[in-house]
Amino acid sequence: MKFLSFLAVCCLTASAAAQDKIRVVLIDGQNNHKWRETTPVMKEYLEKTGKFTVDVSSNLKSKDEKPHPFATVPFPPNLTKYDVVVSNYNGAKWDAEFNEVFEQSVKDAKIGLVIVHAANNAFPGWKEYDQMIGMGWRNAAYGKRLKVDDAGNAITVNAGEDQGSGHRYTGPFSVVVRDESHPVTKGMPKEWLHARDELYDNMRGPIENINVLATSYSKGTKAHEPMIWTIAYGKGRVFHTPLGHDVNAMRCVGFLTTLGRGTEWAATGKVTLPIPAEFPTESKESLQK
């Protein structure tokens with residue numbers, strides 16, 4: 001009888017611990033990048049922090065396509081079961097009914113949203129998605145462009161001016177924190193060296209309700225490009241990072257730390273995950289083994 005009582009207590013404790021964790025649904029299944037390789041990196045990291053549970057929902061191109069081994073829930077997911085969506089998706093449009101549920105859930109702060117790299121290429125023409133992500137990979141005529149000059153001043157470029165979105169530099173580059181008070185970047189080095197990655201430039205969109213947390217200087221555009229930012233979408237919180245082209249870029253401790261802290265912030269408005277001792281410095285990269 002005592003043994004059964006002990007088992008009951010253990011089960012209740014485990015259940016309570018699971019309920020305390022932030023519930024993440026990671027959407028993938030289509031992307032012009034190797035999502036089958038990058039999704040496991042993000043899922044493993046988030047779960048190893050002890051802060052999150054992560055389900056994966058894959059919207060595959062066809063029913064005949066081999067399912068992702070990490071896909072644990074069907075697409076579209078039931079958003080009421082989660083606290084935050086992490087998007088690793090860039091593919092076919094979702095159906096209108098799910099779009100509407102998605103928009104309202106984020107707008108009403110029932111769920112947070114995290115946009116990673118090529119997820120900002122997705123859904124051109126979906127007005128509300130453009131509002132959610134703030135700016136993304138679009139042509140020069142599509143929307144405004146934001147850059148930062150050497151003095152740290154934000155410069156807005158009108159639609160039709162400058163270039164369309166691209167990555168005119170690929171390699172290692174520095175990330176410069178512009179908002180040291182935000183929960184995601186608070187306590188980070190002012191400047192840190194990111195591993196080889198595509199440096200997205202000329203991101204385009206409505207650029208409304210945006211807070212640029214960090215920038216990176218592009219040798220291709222000779223400008224400081226927004227590299228980490230947040231968006232207020234209605235009452236909701238959106239965290240957006242163009243970092244993370246491939247597994248190597250995602251192994252950067254800087255990327256993983258911002259992903260974890262950004263996901264926690266999008267879900268709760270707070271950040272408790274610490275900045276690790278092995279975080280990259282101004283002159284030294286740091287890759288997770």
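Helices (H or I, at least four residues) and strands (E, at least two) are DSSP runs, numbered from the N terminus. The structure is a predicted model, in which local features need pLDDT of at least 70 and side-chain atom pairs count only at pLDDT 80 or more, while totals for chains, interfaces and linings use all residues. Residues are numbered from 1 along each chain as its sequence is written, and side-chain values use heavy atoms, with hydrogens and water left out.

Asp 130 lies in helix 4. This residue is buried, with a relative accessible area of 9%; buried means under 20% relative accessible area, exposed over 50%, and partly exposed in between (1.4 Å probe, protein chains only). Leaving aside neighbours within four places in sequence, Asp 130 is in contact with Gly 125, Met 135, Arg 138, Tyr 142 and Pro 206, where contact means heavy atoms within 4.5 Å.

Helix 4 (127-133) is also one of the elements against which the buried residues of helix 3 pack. Those buried residues are Phe 98, Asn 99, Phe 102, Glu 103, Ser 105 and Val 106. Their other partners are strand 4 (84-87), strand 5 (112-116), strand 12 (223-233) and strand 13 (236-241).

Attention now turns to the interior. A nonpolar core is a set of buried Ala, Val, Leu, Ile, Met, Phe, Trp, Tyr and Cys residues joined through side-chain atoms within 4.5 Å. The largest such core has 40 residues, and those with the most contacts inside it include Val 114, Trp 192, Phe 255 and Leu 259. Helix 6 (residues 253-268) supplies the largest share of this core, seven residues. A second, separate core of 31 residues includes Leu 79, Trp 94, Phe 98 and Tyr 200.

Helix 6 is largely enclosed by the rest of the structure, because 15 of its 16 residues are buried. Among the contacts of Phe 255 beyond four places in sequence are Met 42, Val 116, Trp 192 and His 194. Just after helix 6, Gly 269 takes a positive phi of about 85°.

Helix 6 also gives the largest share, four residues, of the lining of the largest pocket. A pocket is an open set of points on a 1 Å grid over the protein atoms alone where a 1.4 Å probe fits, with protein on both sides within 12 Å along at least five of seven lines; lining residues have an atom within 4 Å of a point. The lining includes Tyr 45, Lys 48, Val 253, Arg 261 and Glu 278.
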